[in-house]
Amino acid sequence: MRRLSELKRTVERWRGLEKRVADLGELIELAEEDAELQAEVAEEVQKVSRRLEELEFQKAFSGEYDSRNAILAVHAGAGGTESQDWAEMLMRMYLRWAERNEYKTDILDVSPGDEAGIKSAVIQVDGEYAMGYLKSEHGVHRLVRLSPYDADHARHTSFALVEVIPEAREEVDVKIDSSELKVDTFRSSGPGGQHMQKTSSAVRITHLPTGIVVTSQNERSQHQNKDIAMRILRSRLLEMELKKKEEERARMKGERVDAGWGSQIRSYVLHPYKMVKDHRTNYQVGNAEAVLDGEIDDFIMAYLRSLSGQEND
């Protein structure tokens with residue numbers, strides 16, 4: 001039923017665009033004799049073209065989980081305050097991107113930094129094809145800037161890891177035996193007032209067979225935090241299963257399988273010049289501030305185009 005609902009929405013989107021094109025055809029005929037309508041026609045042509053490009057990209061999403069909600073995790077790399085501040089900048093970038101694209105976000109867990117920024121954060125992004133778009137962001141992101149935390153204002157390079165995994169559907173994708181779980185409670189280390197500091201509402205769940213550990217401490221109640229931690233755990237287990245399948249496919253094809261952080265996928269340079277460059281597609285822009293404010297659609301599109309080209313090859 002869920003799959004049927006997704007297909008119906010896809011058909012409705014294409015039918016809607018078909019109607020807009022038909023209306024635009026009538027408007028063009030009228031504009032031939034009405035100069036005032038010509039500007040309106042030009043604007044509508046641009047809107048329809050952009051919508052067509054969006055739908056074509058969505059049509060190209062062939063991954064089994066591309067249409068799903070996404071869980072995005074940001075982890076500060078080595079480097080203390082510098083990297084923790086960079087991780088928070090990335091978190092803000094993705095929250096702004098989601099807001100611009102009308103995706104709903106829910107910050108599931110945040111581990112505050114020692115002095116500034118964050119050590120890690122887990123965000124759920126809800127909306128159609130959230131996973132399909134955000135999968136382009138999975139990897140290491142590098143920042144080069146003059147440090148605001150260095151008395152000499154020396155240039156620093158910071159790293160953060162971004163993980164993007166599909167939201168797992170309860171009992172459909174992953175079945176978890178409660179006997180395989182170790183559940184611990186502790187006091188929240190984050191903001192939230194006296195209540196969160198005085199009660200052991202934060203939850204840590206360890207999946208004993210795999211050793212995966214997830215935490216949630218943002219909510220006021222232990223029950224809510226446990227539900228969120230289980231949501232993250234299901235997606236982590238789904239991710240592990242997908243990695244196994246991918247590694248097996250790669251071995252059968254004789255391809256090299258990289259493990260660990262690997263090299264960075266994108267660099268954000270704020271000094272001595274300003275530039276953001278994606279190392280997979282070589283797409284780059286000079287307006288780094290706009291990118292950090294959430295304008296990453298062009299990077300996402302360039303990556304998806306490169307994937308489409310690889311599939312065609």
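Predicted model: local features only at pLDDT ≥ 70, side-chain atom pairs only at ≥ 80, totals over all residues.
**Stop 1: Arg-13 and Glu-128.** Select both side chains. Arg-13 and Glu-128 form a salt bridge, and their closest N and O atoms are 2.6 Å apart. Now colour the elements they come from: Arg-13 sits in helix 1 (residues 2-31), while Glu-128 lies in the loop between strand 3 (118-126) and helix 4 (130-134). The pair links distant parts of the chain, 115 residues apart. Buried or exposed: which is Arg-13? Its relative accessibility is 13%, so Arg-13 counts as buried, the cut-off being under 20%. Glu-128 is partly exposed, with a relative accessible area of 33%.

**Stop 2: Glu-53 and Arg-305.** Select helix 2 (residues 35-60) and helix 8 (residues 297-312); Glu-53 belongs to helix 2 and Arg-305 to helix 8. In the chain they are 252 residues apart. Glu-53 has 30% relative accessibility and counts as partly exposed. Arg-305 is also partly exposed, at 44% relative accessible area.

**Stop 3: Glu-289 and Lys-274.** Move to helix 7 (residues 288-292), which holds Glu-289. Its partner, Lys-274, is in the loop between strand 9 (264-269) and strand 10 (275-278). The two side chains meet in a salt bridge at 2.3 Å, N to O, and the residues are 15 apart in the chain. Glu-289 is partly exposed at 40% relative accessibility, and Lys-274 is partly exposed with a relative accessible area of 43%.

**Stop 4: a network.** Select Arg-92, Arg-96, Glu-99, Arg-100, Asp-293 and Glu-295 together. Salt bridges with shared partners join these residues into one network.

Stop 5: Three strands form an open sheet in the order 6-7-8, with antiparallel pairing. Which strands stand at the edges? They are strand 6 (181-186) and strand 8 (212-216); each has a single partner strand, so one side of each is left without a neighbour in the sheet. From one strand to the next, the twist averages 15°.

Centre on Arg-204, whose bridge partner in strand 8 is Thr-215.

How values were computed
Residues numbered from 1 in each chain as written. Heavy atoms only, no water. Pairing = 2+ DSSP bridges. Helix = DSSP H or I, 4+ residues; strand = E, 2+ residues; numbered from the N terminus. Axes fitted to C-alpha atoms, helices over the stretch in contact; angles between N-to-C directions. Salt bridge = Lys/Arg side-chain N within 4 Å of Asp/Glu carboxyl O. Buried < 20%, exposed > 50% of the residue type's maximum accessible area, 1.4 Å probe, protein only.
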